[in-house]
Amino acid sequence: MERYNDIKVVEKLELGSPQRYGVGLQEGREGDCRKIADALRRFLGTDQDWRNAFRSHFPGPAKEDPDFEQHDKPAPETVDDYSCSDD
């Protein structure tokens, strides 16, 4: 462990599994859910839109990590893994 002023830096810290967030819709709104999932896939499929949004909303991490896209961007093909389920 290294010390910088009064801040402790813990090396090799593991944060665990990724956190997932979602939008709740009323039951039976599968069509609306599919529209949202389609829009999300399109957004993730256009690198420039996603990159600009990430840089705008998370400027610190984007500046600190030159490979932020590889580390933070969800793959468009994974949208259906977590979308439009009753879980």
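# Salt bridges and ring pairs

Student: Which side chains meet in a salt bridge at 2.3 Å, N to O?

Tutor: The side chains of Arg41 and Asp38 do so, with 2.3 Å from N to O. A salt bridge requires a side-chain nitrogen of Lys or Arg within 4 Å of a carboxyl oxygen of Asp or Glu. The model is predicted, so local features need pLDDT of at least 70 and side-chain atom pairs count only at pLDDT 80 or more, while totals for chains, interfaces and linings use all residues. Residues are numbered from 1 along each chain as its sequence is written, and side-chain values use heavy atoms, leaving out hydrogens and water.

Student: How far apart are Arg41 and Asp38 in helix α1?

Tutor: Arg41 and Asp38 are three residues apart in helix α1, which means that about one helical turn separates them. Helices (H or I, at least four residues) and strands (E, at least two) are DSSP runs, numbered from the N terminus.

Student: And is Arg41 buried or partly exposed?

Tutor: Arg41 has a relative accessible area of 24%, so it counts as partly exposed. Asp38 is also partly exposed, because its relative accessible area is 33%. The classes are buried (under 20% relative accessible area), exposed (over 50%) and partly exposed in between, with a 1.4 Å probe and protein chains only.

Student: How many salt bridges does the count come to?

Tutor: The count comes to six salt bridges. One of them joins the side chains of Glu30 and Arg34, at 3.1 Å from N to O. Glu30 and Arg34 both belong to helix α1, residues 30–45, and lie four residues apart, about one turn of the helix. Glu30 is partly exposed at 43% relative accessibility, and Arg34 is partly exposed with a relative accessible area of 32%.

Student: Which residue forms a salt bridge with Arg34 at 3.6 Å?

Tutor: Asp80 forms that salt bridge with Arg34, and their closest N and O atoms are 3.6 Å apart. Asp80 lies in helix α5 (residues 79–82) whereas Arg34 lies in helix α1, so the pair ties together parts that are 46 residues apart in sequence. The relative accessible area of Asp80 is 41%, so Asp80 is partly exposed.

Student: Which residues are linked in a network of salt bridges?

Tutor: The network of salt bridges links Glu30, Arg34, Asp38, Arg41 and Asp80.

Student: New topic: how many aromatic pairs are there?

Tutor: The count comes to four aromatic pairs. The ring centres of Trp50 and Phe54 are 5.0 Å apart and their planes stand at 25 degrees, so this pair is stacked. Rings of Phe, Tyr and Trp (its six-membered ring) pair with centres within 6.5 Å; planes under 30 degrees apart are stacked, over 60 edge-to-face and the rest tilted.

Student: Where do Trp50 and Phe54 lie?

Tutor: Both Trp50 and Phe54 are in helix α2, residues 47–57, four residues apart, which is about one turn of the helix. Trp50 and Phe54 are both buried. Phe54 also forms a tilted aromatic pair with Phe58, at 5.1 Å centre to centre and 45 degrees between the planes.

Student: Why does Phe54 count as buried?

Tutor: Phe54 counts as buried because its relative accessibility is 11%. Phe58, at 44% relative accessibility, counts as partly exposed.

Student: Which residues do ring pairs link into a cluster?

Tutor: Ring pairs link Trp50, Phe54, Phe58 and Phe68 into a cluster.
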